[in-house]
Structures are given as C-alpha cells and as structure tokens.
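User: Hi! I have a model open and would like to go through it with you, one question at a time.

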Amino acid sequence: MTGRQPTLAAATRPTLDSDIAFIGGGFRTTTFLASAHALLLRRVRVYERGTTMGPGGFARYGITTTSIGSRFFKHLDLSGPFVPRGRSSALTDVARAEQPVAMDRLATALTTLGRTLQDALGADGVRLGSTVVAVHADRDRHRVDVRLADGSTESGRHAVLATGRTERAHPELACWRPKVLLSGTVISTAHRSETKDRLLAAGGRPVVVAGSSHSAMSALQILLDLRAELRAEHPGAPLPSVQVVRRGPARLMYDSADLARCGQVPGRERPFDPASDVCPTTGIVYRDSGLRHRSRALYCALWAGELPGATLVDAPVLAVAADRFEEAALVVQALGYHGQAPDLYVDGVLVRPGDSPDRLLADDDGALLVNGVAHPLLSVLRVEPTPLDRRDNTAYASDLYQRLAERLAAQFVEAGA
Ligand SMILES: Cc1cc2nc3c(=O)[nH]c(=O)nc-3n(C[C@H](O)[C@H](O)[C@H](O)COP(=O)(O)OP(=O)(O)OC[C@H]3O[C@@H](n4cnc5c(N)ncnc54)[C@H](O)[C@@H]3O)c2cc1C
C-alpha cells in the first residue's frame, strides 16, 4: 500500500469530513491504526491537541516504563506503508525489548510510527494542535459532529475516543491543595528543575508522597535523585526527607503462585487470592496491578528501611496522616488516574460531561456504553485504567484492537459503502 485510495464513502458522502474521527493521536490511536491497515483506506481523520502524532503522554515522563518494550508494539503490522519502519532501529529496538525501556525511547519509537501514519493518512488525515471540546452523535442522521476549541465543527460517520488518562485533584487532599503536586508533574521532564527548586526551598521540611503504586515509586525515585543532585550542588543546605504514605500493603508481581507463596512477606505486601489475583492464562500473580522491576525493588527497600532519606508510613485513610500532610512543604499525589474525554452528547442530550466522575465504559469490541447500551457511532480505545477486578487477567482487552477494527469495518458494510 503506497497511498490513500478513493473510497465509495468519499464519493457518496461529500458532506462529511471523515468516515472515522479519532479523538487523540497518542499511543492507542497510533498502534491501533498501525495494526488495522484496511481502515487506512477509509477517510480517517485524527484530532490531536499536541504537536506530534504518536507518543501521547509518554513524551512527558523522565522515567522507565513498567511494561517491557515489546508489549507496546505487540499488535504492530509492519507491512504496507509500515515496511520502511521495520528497518528503523528507533522502533525495532523497543519493539523487541524484553525489558522495560526509558520512556523517551518509547516516545521516539511512537513518533517514528506516527510519522508513517501521517504520510499514509495524507494532509487531511491528521489535525495537529486541534483540541476537541465536544462530540455529538446523532443516530437518526448517522453522523457524529466533532466540536473543536477554535469554535469550528467537523463531521464524521463514527468517532473513536482515544484521549488517554489524567490525574484529578483528590478530595482527601483538598485541605492541602496549594502545596499538592500531581505525580505526573514530578516525573515530567518539563517540570524537573521547578520541582528541584521547590525541594531546596522546602528548607528541610519533609515531602510527603500519597500512594504506593508505580506512579508513587516513580515520583519517589525522581525526588531521591533530585535530593542527591542538590546535596552535591549545595553542601550543608537542609534538604527534605521523603515520607511515603500507603493506604495498605502494595501488590507485588510474582511469576507464579508458587513463587508468591515463598516470596510474600506479611506486612510488606498484600497477600494474593488464588481465585482472583492469578492470571488464568499466564499464572502470573498480580500481573498488571503488582509492582515490578525498579518500582518493586524501590518499594521493598523502602519497606525494609533501607532507603536513606525516605520512610514508609501507614494510613488506611489519608486523614490518619493529616499531621504529616500539615507539616510537609510539599505533597505529591500519586493516587491513580482517570480517563479524560470531551463532553459527549447523544441525540442532543449531554450524556457525559468531560469532568464526570463516572468511568467511560465500553463493550469488549470498544463500543461506548451509554446507560449500559452499546452506541453504534461511538467507540472507546482503552481510555480508562483497567478495571481493578479485571486487571490481573491477561485476557482483558487482548483482542480489543481486532474486535474494534472488525466493528468499524462492519459499519461500512452495513452502510453499503
Ligand atoms: C507515568 C505513567 C507510566 C505508564 N507506564 C505504562 C506502561 O509501562 N505500560 C502501559 O501499558 N501503560 C503505561 N501507562 C499507561 C499509559 O497512560 C497508557 O498505556 C497509554 O499512554 C495510553 O495511551 P493513550 O493513547 O490512551 O493515551 P496517550 O498516549 O496519552 O494519548 C492520548 C492523546 O490524546 C490527546 N488528547 C487528549 N484529549 C484531547 C482532546 N480533547 N482533543 C484532542 N486531543 C486530545 C493527548 O494530547 C494525547 O496525545 C503509564 C501511564 C503513566 C501516566
């Protein structure tokens, strides 16, 4: 496949701007389209608020991934327009990596893939610097309107939401809001020097990290690195210690139930339940939800009291640690992510405002669930974090790309396009 081909849809529906509108041009959209080449024959238009197609949130963070590199590209089809990418070491080095990779390497690999996709989709196929503020689906007219922040509206036959996740201000930290930093800010390369300045300005008062997940451990690592830099640059200056407040023992990943039985340490980690916490396909314990690699090692050292400058504090609810939050110069919130999406309207009714506390739910084939019913014109590409009760099962969403591609293709068959 060397370029875009005219389709019947293009000929018969001149009033619509696209057949499929993708909202968000990050990791999910890029890897999905690079796995579903048949859809590239349709009029696809990607709306991305950033300036680059491909890396999404991964471009921001100065940390290492939790997943091994190859997992990010497991669906990739390096045929057709992607053949040259099969020779790009920026992509293949990550796509073959059987260990976690630095996020800047992952971002570069995704940018490489994104460029190929941009070429394949043509000038009209990717709208960079375009923030979507609302999506209106109209079943009777078989069309979806995409409203942009600049006030313009474009139309399509179907919209796929692939807008990623964000951290929202946590209500339990509301009292200390002015001194709360989100974990994503602490680990972002853009805010590194600002965070460092704040550590120095703390004048020795502690920094408290709320949470003990991978995000919390990533933030802890950055804080300790910055402290070490400051110690070398400002000998004798008072520097903050770091207190990590955990609401309960963390989950740690084990390759098998036997290893977990031998390795689990009471108090350090959450005991596993063989019925719910072991992946039925791989036998891995806490396959997705458990700390692994560097985060796991850091957490274990922290729990054992072997991490100079950092301590672990138990607080089943954050209010129990109120004195610590009060005393802290800085609080780092690492309490989870929430799917982000524009306002969603169905047949003229606002069914989900962008700031809704409700999760954006979808069927196994990606169809958006509106009041529990699959919507024919709207789909979702893994916007929300994996639901807790399905997190450790490798089967969860493993065929989503294939099923979504089939669902989208079927729409054109039904419409006779
Ligand atoms: C620190 C951190 C580490 C992580 N590590 C891993 C890991 O190791 N393995 C793993 O599988 N997952 C990891 N994740 C989860 C990760 O977020 C997802 O796997 C992945 O980024 C999701 O891809 P996405 O396309 O949904 O989001 P993104 O890649 O963030 O893409 C969403 C895109 O949508 C754009 N966008 C958002 N809103 C709009 C709008 N209104 N209009 C237009 N464009 C919009 C954004 O600019 C962005 O480019 C990590 C997350 C974080 C925060």
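Predicted model: local features only at pLDDT ≥ 70, side-chain atom pairs only at ≥ 80, totals over all residues.

User: Is His 142 buried or exposed?

Analyst: Residues are numbered from 1 along each chain as its sequence is written, and side-chain values use heavy atoms, with hydrogens and water left out. His 142 is in the loop between strand S6 (132-138) and strand S7 (143-148), where helices (H or I, at least four residues) and strands (E, at least two) are DSSP runs numbered from the N terminus. Buried means under 20% relative accessible area, exposed over 50%, and partly exposed in between (1.4 Å probe, protein chains only), so at 52% His 142 counts as exposed.

User: What is the phi of His 142?

Analyst: His 142 is not a glycine. Even so, its phi is positive, at about 50°.

User: How is the chain divided, and what distance separates the centres of domain 1 and domain 2?

Analyst: Domain 1 covers 8-166 + 338-385 and domain 2 covers 171-250 + 291-333, with bounds from an automatic or database domain assignment. Taken over C-alpha atoms, the centres of domain 1 and domain 2 are separated by 33 Å.

User: What area is buried between domain 1 and domain 2?

Analyst: Buried area is the accessible area (1.4 Å probe) that two parts lose on being put together, summed over both. In domain 1, Tyr 61, Ile 63 and Thr 66 lose the most area to domain 2, together 53% of what that side buries. Carbon and sulfur atoms give 60% of the buried area between the domains, and that area is about 850 Å².

User: How many salt bridges does the rule find across the interface of domain 1 and domain 2?

Analyst: A salt bridge is a side-chain nitrogen of Lys or Arg within 4 Å of a carboxyl oxygen of Asp or Glu. The structure holds 17 salt bridges. Across the interface of domain 1 and domain 2, however, the count is zero.

User: Which residue forms a salt bridge with Asp 314?

Analyst: Asp 314 lies in strand S13 and its partner in strand S12, so the pair ties together parts that are 68 residues apart in sequence. The closest N and O atoms are 2.5 Å apart, and the partner is Arg 246.

User: Which residues are linked with Glu 154 in a network of salt bridges?

Analyst: Glu 154 meets Arg 127 in a salt bridge (3.3 Å, N to O). That pair links strand S8 (residues 153-161) and strand S5 (residues 126-128), 27 residues apart. Glu 154 counts as buried at 12% relative accessibility, while Arg 127 is partly exposed at 24%. The network links Glu 154 with Arg 45, Asp 124 and Arg 127.

User: What is the relative accessible area of Pro 240?

Analyst: Pro 240 lies in the loop between helix H8 (214-233) and strand S12 (242-246). Contact means heavy atoms within 4.5 Å, and the residues that Pro 240 touches include Leu 199, Pro 206 and Val 207, not counting residues up to four places away in sequence. The C-alpha atoms of Pro 240 and Leu 199 are separated by 6.6 Å, although the two are 41 residues apart along the chain. Pro 240 is buried, and its relative accessible area is 1%.
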